[in-house]
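Good morning, and thank you for coming.

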Amino acid sequence: MTSRLLAPFDLLTPQSVSEGVQMLAQYQSQVAILNGGTALWNHHRKLKHQPPYILTLSALKELDYIDYIPGEGLRIGAKAKICDLIENPVVAARFPALYEAAYWFGNPQIRFMATAMGNILRASPSADCSCAILALGGQVVLQSQSGQRIVDIDDFWLSYDVTARRCDELATEIRIPETGSTTCSSFQRLTRVRQDLAKINVAVRLEMSQGVCRQARIAMGCVGPTTKRLTGVEQLLVGNPVTDELLQQLATAVKSEITPIDDQRSTAAYRTQVSGVILRRVIERALSANMNCDSRERS
Ligand SMILES: Cc1cc2nc3c(=O)[nH]c(=O)nc-3n(C[C@H](O)[C@H](O)[C@H](O)COP(=O)(O)OP(=O)(O)OC[C@H]3O[C@@H](n4cnc5c(N)ncnc54)[C@H](O)[C@@H]3O)c2cc1C
């Protein structure tokens with residue numbers, strides 16, 4: 001198979017996950033995995049040494065699901081599309097950060113093809129669903145011939161474009177832990193135009209009780225080589241009521257946790273300047289619009 005943009009490659013079309021992992025075991029680093037294809041081709045054609053095999057997931061219908069298991073959480077199959085996340089009522093109701101990331105993602109055509117798994121595996125710091133999933137606290141399930149391996153999302157991105165996935169592993173599922181009546185979450189991003197990749201994005205998951213933040217996970221993208229947790233900011237938040245004064249303190253603190261760069265979408269100076277503003281907004285939105293955590297806790 002040839003293309004004007006790409007070096008010739010052979011297309012592998014496994015009919016099951018077990019056949020897929022068998023092919024990965026056989027071809028190892030010689031094969032690239034094709035899911036929705038909205039990131040792969042663009043990235044692939046820039047590589048000096050393009051893998052001679054492309055393994056498409058197109059026939060693996062078994063990975064096309066979004067399941068909610070009460071008490072456990074959300075299970076997103078590797079082939080579930082961004083548009084499926086938007087249409088799923090449980091995602092909107094219980095995982096608003098992920099719903100909002102999917103809602104603001106690309107354009108209708110891209111949302112129809114792109115997957116949340118591809119977003120994570122692309123390992124780009126601007127990835128929107130990745131940002132939401134890091135805040136929500138997820139896991140990635142990896143399948144190889146030697147069995148299943150589950151990697152925490154906190155340990156998944158090793159550096160820009162590098163993940164913990166081994167070349168003989170197929171990523172099959174994203175798991176997001178259950179949210180409770182005291183959980184609230186939200187996602188926000190800034191872009192040049194509506195359909196662009198983010199200049200900066202941020203997501204939070206908060207556990208609130210009687211106006212006090214009991215647990216916090218905060219993720220920010222486009223401020224380092226990978227999407228990152230803002231653990232210093234999280235520590236300032238936990239154990240305290242979310243007052244105006246605290247939000248101001250967080251907005252200042254975030255600047256010392258990030259290392260943004262200049263690129264085609266923004267500058268390091270701008271990203272640093274707005275990091276506190278967008279952080280404050282996402283926390284306020286999580287607390288108010290999303291869930292009304294305290295009132296749900298009372299009811
Ligand atoms: C016009 C346009 C707009 C975009 N807008 C946005 C946006 O708003 N926000 C955003 O975050 N991104 C955006 N993107 C980037 C892209 O759409 C996302 O990263 C998307 O989620 C990738 O998913 P995919 O299924 O298309 O992955 P693919 O392109 O198929 O694959 C991406 C990477 O993941 C690997 N991979 C995929 N699935 C698996 C698997 N199951 N196991 C192992 N490896 C796997 C592939 O090998 C590849 O390295 C945009 C892209 C375009 C072209």
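This is a predicted model: local features need pLDDT of at least 70, side-chain atom pairs count only at pLDDT 80 or more; totals for chains, interfaces and linings use all residues.

In strand β10, the bridge partner of Gly73 is Pro177. Helices here (H or I, at least four residues) and strands (E, at least two) are DSSP runs, numbered from the N terminus. Residues are numbered from 1 along each chain as its sequence is written.

Gly73 belongs to β5, where Ile69 stands opposite it. Two strands are said to pair if DSSP finds at least two bridges between them. On that basis β5 pairs with β10 over five bridges, in the antiparallel sense. With β4, residues 66-69, β5 is also antiparallel, over four bridges. Asp67 stands opposite Arg75 in β5. The hairpin of β4 and β5 has three residues between the strands, and Gly71 there takes a positive phi near 90°.

How many strands form this open sheet, and in what order? There are five, in the order β4-β5-β10-β6-β7, with antiparallel pairing. At the edges are β4 and β7 (147-152), each pairing on one side only. Neighbouring strands are turned by 20° against each other on average, direction ignored. Such angles are taken between N-to-C directions, from 0 to 180 degrees, with axes as lines fitted to C-alpha atoms, for helices over the stretch in contact.

Is β5 mostly covered or mostly open? Four of its five residues, in the run 73-77, are buried. Buried means that 20 or more other C-beta atoms, placed from the backbone, lie within 10 Å of the residue's own. Helix α1 (residues 17-27) lies across β6 (139-144) and β10, at about 120° to β10.

Four strands form it, open and antiparallel, in the order β11-β12-β13-β14. β11 (183-190) and β14 (228-229) each have a single partner strand, so one side of each is left without a neighbour in the sheet. Eight bridges join β11 to β12, residues 200-209, and Cys184 stands opposite Leu206 in β12. Helix α5 packs on this sheet, touching β11 and β12, and its direction makes about 20° with that of β11. Helix α8 (residues 128-136) touches β11, β12, β13 (212-221) and β14, at about 25° to β12. Contact between two residues requires C-beta atoms, placed from the backbone, within 7 Å.

Why is α5 (residues 96-103) largely enclosed by the rest of the structure? The reason is that seven of its eight residues are buried, among them Leu98, Tyr99 and Glu100.

Next, the domains, whose bounds come from an automatic or database assignment. They are domain 1 (10-56), domain 2 (63-177) and domain 3 (183-298). The centres of domain 1 and domain 3, taken over C-alpha atoms, are separated by 35 Å.

Finally, the ligand. Of the 28 residues around it, Gly36, Gly106, Gly118, Asn119 and Leu121 come nearest; a residue counts if its C-beta atom, placed from the backbone, lies within 6 Å. Elements giving two or more residues to this shell are β2 (31-34), α6 (108-113), α7 (116-122) and β10 (170-177). The largest share, five residues, comes from α7. Domain 1 and domain 2 each supply at least three residues to the shell.

How values were computed
A residue is buried if 20 or more other C-beta atoms lie within 10 Å of its own, exposed if 12 or fewer, and partly exposed in between; C-beta atoms are placed from the backbone.
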